[in-house]
Amino acid sequence: MAKRSVSILNRLLANPSSLFTAPTRSITYMPRPGDGAPRTVTLIPGDGIGPLVTGAVEQVFEAMHAPVHFERYEVRGNMRRVPEEVMESVKRNKVCLKGGLATPVGGGVSSLNMQLRKELDIFASLVNCINVPGLVTRHENVDIVVIRENTEGEYAGLEHEVVPGVVESLKVITKYCSERIARYAFEYAYLNNRKKVTAVHKANIMKLADGLFLESCREVAKAYPGITYNEIIVDNCCMQLVAKPEQFDVMVTPNLYGNLIANTAAGIAGGTGVMPGGNVGAEHAIFEQGASAGNVGNDKIVEQKKANPMALLLSSAMMLKHLQFPTFADRLEVAVKQVIQEGKWRTKDLGGDCTTQEVVDAVIAALD
């Protein structure tokens with residue numbers, strides 16, 4: 001008996017992991033009655049690579065039998081307005097999945113992205129910039145969530161020519177919108193066990209506008225004593241971000257700064273092609289590639305059909321969680337990250353030469 005005990009002990013010491021049996025499932029998701037009913041989602045393929053990457057999502061959803069029906073509308077960035085039937089669809093369905101919409105530079109039509117956000121009051125943009133296993137980056141332990149106010153600031157689009165050769169562009173900051181985005185950032189941090197919220201500003205120069213934003217953040221921070229709150233000037237933030245990004249956790253920003261910081265953080269963490277994101281308001285949500293850089297692509301990528309679908313697939317996993325389909329969301333996220341980690345099926349931006357379809361086929365094969 002003693003010899004047998006010694007033998008068992010030796011085997012355990014040689015393989016300590018055998019002491020523990022990994023569970024085959026996590027604690028089960030308990031749905032509410034009716035949670036399994038299929039949901040209709042408005043789909044806007046958009047411009048450039050948009051039809052390729054939204055098509056990838058449709059294929060993967062079909063393969064995994066996700067309970068989602070897409071209501072497709074063709075919208076182009078050079079349209080003067082988002083068609084009324086598209087607005088009505090998003091208002092009715094509450095959720096939209098969108099490819100990139102190209103906004104003309106300089107003159108021309110206003111941004112359709114801004115039209116969607118302002119008319120639907122989708123006030124919060126969230127981009128999760130996190131290291132993805134299998135992608136080699138300069139910095140490790142990067143896990144930054146950039147939460148950006150979506151409806152005002154420099155993006156309000158209030159511009160006019162005072163006299164020939166002189167243009168005035170207004171930056172609008174309100175207490176209501178500043179408090180609202182600050183509250184969303186702290187609430188997100190609280191619900192996701194995040195430890196710190198950093199407000200990004202330029203209040204040393206724009207003392208009234210960014211000063212009001214900071215005052216609002218400070219007021220909201222008082223209600224969350226368990227979360228560390230600090231502030232950083234936007235130019236110093238950019239330097240700190242590329243030097244030591246792991247110091248940041250949740251960042252809350254006005255509109256323009258958030259766009260710049262989210263794209264920078266995405267590049268640091270592994271590239272815009274793998275960073276998910278979404279936009280949410282009290283009633284509606286739009287999910288799209290997290291970082292705006294490269295979300296339309298270029299003609300060569302479109303012609304070769306080599307767009308990277310990973311960012312939009314991960315954004316779709318976020319959408320599935322939003323729709324209360326967590327099991328489908330987890331399956332999709334695990335499959336995407338498995339394909340990235342294996343490194344065999346990658347598009348050019350991730351160091352490979354695969355087509356969009358080859359990547360999609362790999363993700364479908366990786367689904368449980």
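How many strands form the open sheet, and in what order? Ten strands form it, in the order S2-S1-S3-S12-S11-S4-S5-S10-S8-S9, with mixed pairing. Strands here are DSSP runs of E with at least two residues, helices are runs of H or I with at least four, and both are numbered from the N terminus. Two strands pair if DSSP finds at least two bridges between them.

Before going on, please note that this is a predicted model, where local features need pLDDT of at least 70, side-chain atom pairs count only at pLDDT 80 or more, and totals for chains, interfaces and linings use all residues. Residues are numbered from 1 along each chain as its sequence is written, and side-chain values use heavy atoms, with hydrogens and water left out.

At the edges of the sheet sit S2 (68–72) and S9 (228–233), each pairing on one side only. From one strand to the next, the twist averages 25°. S9 runs parallel to S8 (residues 196–201), and six bridges join the two; Val-200 has Ile-232 in S9 as its bridge partner.

Angles run from 0 to 180 degrees between N-to-C directions, with axes fitted to C-alpha atoms, for helices over the stretch in contact; contact means heavy atoms within 4.5 Å.

| Helix | Residues | Angle |
|---|---|---|
| H2 | 50–63 | about 150° with S2 |
| H3 | 84–93 | about 150° to S1 |

Now to strand S4 (residues 124–130), which holds Ala-124. Ala-124 is buried (under 20% relative accessible area), at 1%. Among the residues that Ala-124 touches are Ile-181, Tyr-184 and Arg-148. Arg-148 is 24 residues from Ala-124 in sequence, yet their C-alpha atoms are 5.8 Å apart.

Technical notes. Buried < 20%, exposed > 50% of the residue type's maximum accessible area, 1.4 Å probe, protein only. Lists of a residue's contacts leave out its neighbours within four places in sequence.
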